[in-house]
There are 2 protein chains.
Amino acid sequence: MGTTKRGSERREDALSRERIVDAAIELLDEEGESGLTFRSLASRLATGPGALYWHIANKGELLVAATDAVIARTVAQVPAVATPHEAIRGIAVGVFETIDAHPWVGAQLSRAPWETPTLRIFERIGRQVQALGVSGRAQFTSASALLSYIVGVSIQNAANGRLFEPSVDRADFLDTMSARWKQLDAHEYPFTRKVAAQLPGHDDLAEFLAGIDLILAGIAASR
Amino acid sequence: MGTTKRGSERREDALSRERIVDAAIELLDEEGESGLTFRSLASRLATGPGALYWHIANKGELLVAATDAVIARTVAQVPAVATPHEAIRGIAVGVFETIDAHPWVGAQLSRAPWETPTLRIFERIGRQVQALGVSGRAQFTSASALLSYIVGVSIQNAANGRLFEPSVDRADFLDTMSARWKQLDAHEYPFTRKVAAQLPGHDDLAEFLAGIDLILAGIAASR
DNA sequence: TGTTGTTATGGAACGGCGTTCCATGGGCCG
DNA sequence: CGGCCCATGGAACGCCGTTCCATAACAACA
């Protein structure tokens, strides 16, 4: 692996771990997860696949690095607010929107759990859980329940967006889904059929935050 | 695609969608997600890769079918209990244990959301939410919050199990993780470092159920 | 400035993947 | 018995991640 050393200026177009990771993020955002290959990445950087391996061990490491770069930016941008409750909502919204904008981040978070990206989120949540006054052992429980919920819902949400072509807009998508649910077997899926009617006009982010409030209410009730 | 027709008995070793899916499940359980290839599957069924495509459109469909078979078995085996609260815990435990035993099921659930397997779980949860007395619009919110939490935590848990070789046992795993967390930067990760001490002796399933109770407490509080 | 050794590059090649193609065989119906 | 369609399975295509290695760029020293 390469450690670019010395203050001396190497060639202008020199590769570096950072340049590679940035290009990978661009590629993932533009072409989706399947658009990132060592060949496409190399061609974007005007080099060959072999050269990349001097800076990065394998594709897994590349994906972790790309995810970490994106998540680090996210947690850094969460606005400071007055109450822990609001702060947790802020983190939740940040993660939700990040994964919505970069669906590959979600997939990566569940594929490689408890890597640095996950820990960044966990840490931010944990501090606020502490600030809520949750006692010792319950801090871990509360923080990891929130983490799992936030990441879990965000992934589901982002995956939904890719169920149909990007051209299909949100209202049409919900209508299609609702119609499909209504055609399910009446005996096997009574509940799903009933709530299908609620699907159009459904606000994912609001629903998500309502879930956060549910969990926070639970934490408060059992404090 | 093939529709095996007629009551007549075809050759003894005839392929069928069902035989293929069963063999795929075996392969996934024994060799993990990367162990399932059309070639390995064909050789287990003593045929060639091309023959499989008569019964199954592509690998995605195969994975959905395999996941659905496993999840269907799971929801069918959830024991009947007295209260909706207990019933939801029962479903949660069933899903948790299924994904723990078949980690590939978890990956698949988040990759292809709102396919039949997810709907099966959603339906069971929804009925119990209804039985809890949750009112109209809140039913959807509550059921999908529970679904996301249950699937999200189960996936994280199963992924943890694959972080190290299967030979490493659970206590060693938690010790290693705890040690790693304690070495994080003191200024950037104060919370994570503090709860690292709680990691050994940590009971994932109990923690998971505690989170369920948190959410149910929240649902009850806001009913 | 010339020489030497390390750092870094990038093209070629390897094995394996999902998928497609197509020549062939088994079983039913006229 | 002959024709036909369902079903089979092996070969081939184009891609992937990764490895290998010849060689270019650069730093240090004579």
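I take buried to mean under 20% relative accessible area. The model is predicted, and my entries below keep to what I looked up in it.

**Entry 1: Ile99(B)**

I began with Ile99(B), which sits in helix α5 of chain B, residues 84-101. Is Ile99(B) buried or exposed? Its relative accessible area is 0%, so I put Ile99(B) down as buried.

Next I listed what touches Ile99(B), setting aside neighbours within four places in sequence. The contacts are Val105(B), Gly106(B), Leu109(B), Ser154(B), Ile155(B) and Ala158(B). I also checked Ile99(B) against Leu52(B): 47 residues separate them in sequence, and their C-alpha atoms are 26 Å apart in space.

**Entry 2: helix α6 of chain B**

I then looked at α6(B), which covers residues 103-111. How many of the nine residues of α6(B) are buried? I noted eight, and the helix is mostly covered. The buried residues are Pro103(B), Trp104(B), Val105(B), Gly106(B), Ala107(B), Gln108(B), Leu109(B) and Ser110(B).

**Entry 3: Thr67(A)**

In chain A I picked Thr67(A), found in helix α4, residues 59-77. Thr67(A) has 1% relative accessibility and therefore counts as buried. Which backbone oxygen does the side chain of Thr67(A) reach? I found that of Leu63(A), at 2.7 Å. With neighbours within four places in sequence left out, Thr67(A) is in contact with Trp104(A), Val105(A), Gln108(A), Leu109(A) and Pro117(A).

**Entry 4: chain A as a whole**

I counted eleven helices and zero strands in chain A. Along principal axes, the C-alpha atoms of chain A fill a box of roughly 65 × 45 × 25 Å. Chain A has 223 residues, and buried ones make up 48% of them.

Among contacts in chain A with a separation of 6 or more, 65% are between residues 24 or more positions apart.

The size of an interface is often given as the accessible area lost when the parts come together. For chain B and chain A I have about 4,800 Å² buried, 63% of it from carbon and sulfur atoms. Which residues of chain B lose the most area to chain A? They are Phe140(B), Phe191(B) and Leu214(B), together 15% of what the chain B side buries. By residue count, 54 residues of chain B are in contact with 54 residues of chain A.

I searched this interface for salt bridges, and the rule finds zero. Polar contacts do turn up: the count between chain B and chain A is 14 residue pairs, both residues at pLDDT 80 or more.

I then asked which helices supply the chain B side. At least two residues each come from α6 (103-111), α7 (116-131), α8 (136-161), α9 (170-182), α10 (190-196) and α11 (204-221) of chain B. The largest share, 18 residues, is from α8(B). By class, I recorded 27 nonpolar, 20 polar and seven charged residues on the side of chain B that touches chain A.

Methods: Residues numbered from 1 in each chain as written. Chains lettered and ligands numbered in written order. Predicted model: local features only at pLDDT ≥ 70, side-chain atom pairs only at ≥ 80, totals over all residues. Heavy atoms only, no water. Contact = heavy atoms within 4.5 Å. Buried area = accessible area lost by both parts, 1.4 Å probe. Salt bridge = Lys/Arg side-chain N within 4 Å of Asp/Glu carboxyl O. Polar contact = N/O pair within 3.5 Å; in protein donor to acceptor, adjacent residues only side chain to side chain. Helix = DSSP H or I, 4+ residues; strand = E, 2+ residues; numbered from the N terminus. Nonpolar A, V, L, I, M, F, W, Y, C, P; charged D, E, K, R; others polar. Buried < 20%, exposed > 50% of the residue type's maximum accessible area, 1.4 Å probe, protein only.
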